[in-house]
Amino acid sequence: MGGEFTAPEFAWAQLWPLLVVFGTALAGVGVEAFAPRSARRLLQAGLAGAGLLAALVGTIVVGADLTERGDGAARGEVTAAGAVVVDGPTVFLWGLLVVVAAGGLLLFAERRVDAGLPVFAGQASVPPGTSASPAGAGGAGDAAGAGGAAGEAPSYERWEHTEVYPLLVFALAGMMLFAAAGDLLTMFVALEVLSLPLYLLCGLARRRRLLSQEAAMKYFLLGAYSSGFFVYGAALLYGYAGTLSLAGIAASVRAGAGPEVLLLAGTALVLVGLFFKVGAVPFHAWTPDVYQGAPTAVTAFMAAATKIAAFGAILRLLHVGLGDARWNWTPLLWAISILTMVAGVVLAVGQTEVKRLLAYSSIAHTGFLLTGVLGLRAAGDLGEGQVGSLQAVLFYLATYGVATVGIFAVTTLVRDPGGEAGDVARWSGLGRRSPLVAGTFAVFLLSLAGIPLTAGFVGKWSVFAVAASAGAWPVVAVAVTCSIVAVYFYVRHIVLMFFADPPVDPPAVVVPSPATSVTIGLALVATVALGVVPGPLLDLAGHAGSFLR
């Protein structure tokens, strides 16, 4: 006879910010189905904005009322039969994800930088190179322009794919669940929920349509392979522990209950799936092509938010599920972090396209973040006032996220007739014609380089310090060396903007709508403020405590 079924309990008071985001996404689907086309844009943007605001308020309320557990090192609630964990790090990551998504939403709503046209394609099904394809879309049809035979833009040209707003919110919901997942099955479901909308969004660029569709296809195919690795690794870990729960896996590791080969192979394969999402070498091949081909608003959101969510999942997996097996996965992490940093900076040196340069920069930053993950130690091993691995990585994610959204937002303002001025050489002399735009871009570059008095410096210092204190001196030495090399290509771009002669036909610098201006302004203020006064955010990351087991 079978045992009685016990329904899982849900801590609705802690889960409601996540549920608000899911509900907002579903409501957006309803708007798309029933609202007239002319009203959809304002309805969808307003609905998404209201949902994000409610989720941010809810995250703050939940974070302020988390219950202390054990000796007070952790706070929160394990709910949904262990599938979801709402603890201090979860709430910190939720808040950071919602803030980044709000910046992405404002960039999605931009309509002024491209002659009043939306950021996204008016008709995604139109093949590039046809007479119906707009100018700058890519292919043979570019010469004919957007006008067709009559010389006028086709009616779809001013249409807008308003589905992008619920897609963004669905991706955010998946990211929030990803960071809170307490078992590998929930983690996989969240991985797919966050990934599928991003695959679609990457293929919706209004300009350079062929490049955008190629980016979406590459991202989808490689993402599908990485999901396969993750599922296979989860199956092996189930074979080892008899459970997919991270807490159950941790108990089996402590007891040495299963065959070690299953533990090692399962850990490696699950990490492959997670390393793909953060663009770690050698699982980085999609990154430059997707960053370049996707609409820049999508790139800004994806580059920041995906890394935040994926590192949240990596930290929870390694801290909670595999913390007692760290001597097994630490050598792998050493190798991956070194490879990622070296490949990122070396390949970035030769880049001549702005978004590809930032893509390889993102890869290098993944290596720096993995250096911080190597600093994992027990709470009792930390000295008084010493920054822990989790605290350092959370702070780094915050600094990286705001700088990334800001720097990609600025790239949308420098434009050629066919779209954004992607060639680095086209930015020559920009500081003479538009010192405000060039200066803002320079501040973000300096933060990514880790120059003092910027948020990036404090972020790098924190992750390098925790790795060094945990004995990973060789990795820290490589990280410092790579940071020095990275300064070269960041400063080279600044020198080009302020000290080189402009081209004969310089690109235009457009004045954006208030949406993009607010995004850039807030990101700039946060980047400088966190570099000058990092204490409050560091304390907040420290106050998040440990992961709840």
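Trainee: Which residue meets the side chain of Arg356 in a salt bridge?

Mentor: This is a predicted model in which local features need pLDDT of at least 70, side-chain atom pairs count only at pLDDT 80 or more, and totals for chains, interfaces and linings use all residues. Residues are numbered from 1 along each chain as its sequence is written, while side-chain values use heavy atoms, with hydrogens and water left out. A salt bridge requires a side-chain nitrogen of Lys or Arg within 4 Å of a carboxyl oxygen of Asp or Glu. At 2.9 Å, N to O, the partner of Arg356 is Asp289.

Trainee: How many residues apart in sequence are the parts that Arg356 and Asp289 tie together?

Mentor: Helices (H or I, at least four residues) and strands (E, at least two) are DSSP runs, numbered from the N terminus. Arg356 lies in helix α12 (residues 354–373) and Asp289 in helix α9 (residues 286–293), so the parts joined by this pair are separated in sequence by 67 residues.

Trainee: Is Arg356 buried or exposed?

Mentor: Buried means under 20% relative accessible area, exposed over 50%, and partly exposed in between (1.4 Å probe, protein chains only). The relative accessible area of Arg356 is 18%, so this residue is buried.

Trainee: Which residues are linked with Asp289 and Arg356 in a network of salt bridges?

Mentor: By the salt-bridge rule, the count comes to nine. Asp289 and Arg356 belong to a network of such bridges, joined there by Glu214 and Lys218.

Trainee: How many residues apart are Asp87 and Arg316, a pair that links distant parts of the chain?

Mentor: The side chains of Asp87 and Arg316 form a salt bridge at 3.1 Å, N to O. Asp87 belongs to strand β3 (residues 84–87) and Arg316 to helix α10 (residues 296–321), and the separation is 229 residues.

Trainee: What relative accessibility does Arg316 have?

Mentor: Asp87, at 0% relative accessibility, counts as buried. Arg316 also counts as buried, its relative accessibility being 2%.

Trainee: Why is α13 described as largely enclosed by the rest of the structure?

Mentor: Phe395, which has its place in α13, is buried with a relative accessible area of 0%. The helix is largely enclosed because the buried residues of α13 number 23 of the 23.

Trainee: Which residues of the chain does Ser483 touch, not counting those up to four places away in sequence?

Mentor: Ser483 has its place in helix α17 (residues 473–499) and is buried, with a relative accessible area of 9%. With contact taken as heavy atoms within 4.5 Å, Ser483 touches Phe368, Lys460 and Phe464.

Trainee: Which helix provides the largest share of the nonpolar patch?

Mentor: Patches are made of residues with over 30% relative accessible area and no salt bridge, with like charges joined within 9 Å and nonpolar side chains (Val, Leu, Ile, Met, Phe, Trp, Tyr) within 5 Å. Accessible areas come from the Shrake-Rupley method with a 1.4 Å probe, and for residues only the protein chains shown count as cover. The patch has about 680 Å² of accessible area together, with Leu196, Met217 and Phe220 among its members. Six of the patch residues, its largest share, come from helix α6.
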